[in-house]
Amino acid sequence: MHHTSRLLVMLFALACQDTLAQELFDAHLHYTARDAARFPPTDIIRLLDEAGISHAAITSQPPALIERLVAAAPQRIVPLLGVYREPVDKQRWIYDSSLPARLAAQLESGHWHGIGELHLFAADRDSDVFRQVVSLAEQYRLPLLLHADPAVIDTVYKLAPELTVVWAHAGTFPYPDLVADYLGRYPALHIDLSMRDERLADGDGLRDDWYELMVVFPERVLVGVDTFSTARWESLPQHAERIRQWLQVLPAGVAGRIATGNAERLYLKKGPDTFFDQSDKTRLIKQ
């Protein structure tokens, strides 16, 4: 994009920022026993208020812990079914042959909106436990949140070509060209940009390569803070504000989809599957 054209888009976005999605749908949050000891549900709701987060997709460890948050704000907390009962499960879940049956029993309740976050890397992509988890996600038509290598994404789509996958942190190799290639290959693949603000931002608010990726794939990108630690919960409002800063650089329609619309579609089943046709995307890039 020419510098002058991009500057005009930025000025327009800043002038119209009141019309941009001021609220966020955070698609990547964690709530652990340690977090719960520091922040009971009332405090979590307060932090979401302070951060301007309208909805929060949260996974908990242990999985039952999320029920406290749902009870406190059932219209706001979007529960993702976590599979880790204790921290060590992050490394050993692929060897737990009892996990698929346990997961299936939990899914019977019907109140889950997704499964994950699951950590998996290329060497273990043929795990039978993983294959069964993919099958359950497909059976229950739930998004699968994966922290994974590109090879794992390839494996998922060999097993379940239409499964909705949210690729946490835009993958383990978050290079825009690679991510764009994968989004182009797999129509049901989405990314969340949690923990990637340092990579996204430049002096103007967004690097050109990330700007272009978001404009080309506006319906496939989500945002999240990723509360991987209690300290991250404490600073939730500050991290949310940083997300808003780079969202303001984008055209209003793109920013709205990324801020809230895409997560609403995936997790709350609101809105159509596609918001922009190819001509819209071309017009936004080539000015």
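## Helices H6 and H7

In this predicted model, Leu99, Pro100, Leu103, Ala104 and Leu107 of H6 are in contact with Val129, Gln132, Val133, Leu136 and Tyr140 of H7, where contact means heavy atoms within 4.5 Å. By class, this contact has nine nonpolar, one polar and no charged residues.

Helix H6 covers residues 99–107 and helix H7 residues 128–140, and the two pack at an angle of about 15 degrees with their axes 9 Å apart. H6 is therefore roughly parallel to H7, a term used for angles under 35 degrees.

## Helices H3 and H13

Helix H3 (residues 41–51) and helix H13 (residues 236–247) pack at an angle of about 30 degrees, and their axes are 8 Å apart, so H3 and H13 are also roughly parallel to each other. Leu47, Leu48, Glu50 and Ala51 in H3 meet Leu236, Pro237, Ala240 and Arg244 in H13, and by class this contact has six nonpolar, no polar and two charged residues.

## The whole chain

The protein chain has 15 helices and eight strands, which are DSSP runs of at least four residues (H or I) and at least two residues (E), respectively. Of its 287 residues, 55% are buried, that is, under 20% relative accessible area with a 1.4 Å probe.

## Notes on the model

Residues are numbered from 1 along each chain as its sequence is written, and side-chain values use heavy atoms, leaving out hydrogens and water. Because the model is predicted, local features need pLDDT of at least 70 and side-chain atom pairs count only at pLDDT 80 or more, whereas totals for chains, interfaces and linings use all residues.

Technical notes:
Axes are lines fitted to C-alpha atoms, for helices over the stretch in contact, and angles run from 0 to 180 degrees between N-to-C directions. Angles under 35 degrees count as roughly parallel, over 145 as roughly antiparallel, 65 to 115 as roughly perpendicular and the rest as oblique. Ala, Val, Leu, Ile, Met, Phe, Trp, Tyr, Cys and Pro count as nonpolar, Asp, Glu, Lys and Arg as charged, and the others, Gly among them, as polar. Buried means under 20% relative accessible area, exposed over 50%, partly exposed in between (1.4 Å probe, protein chains only).
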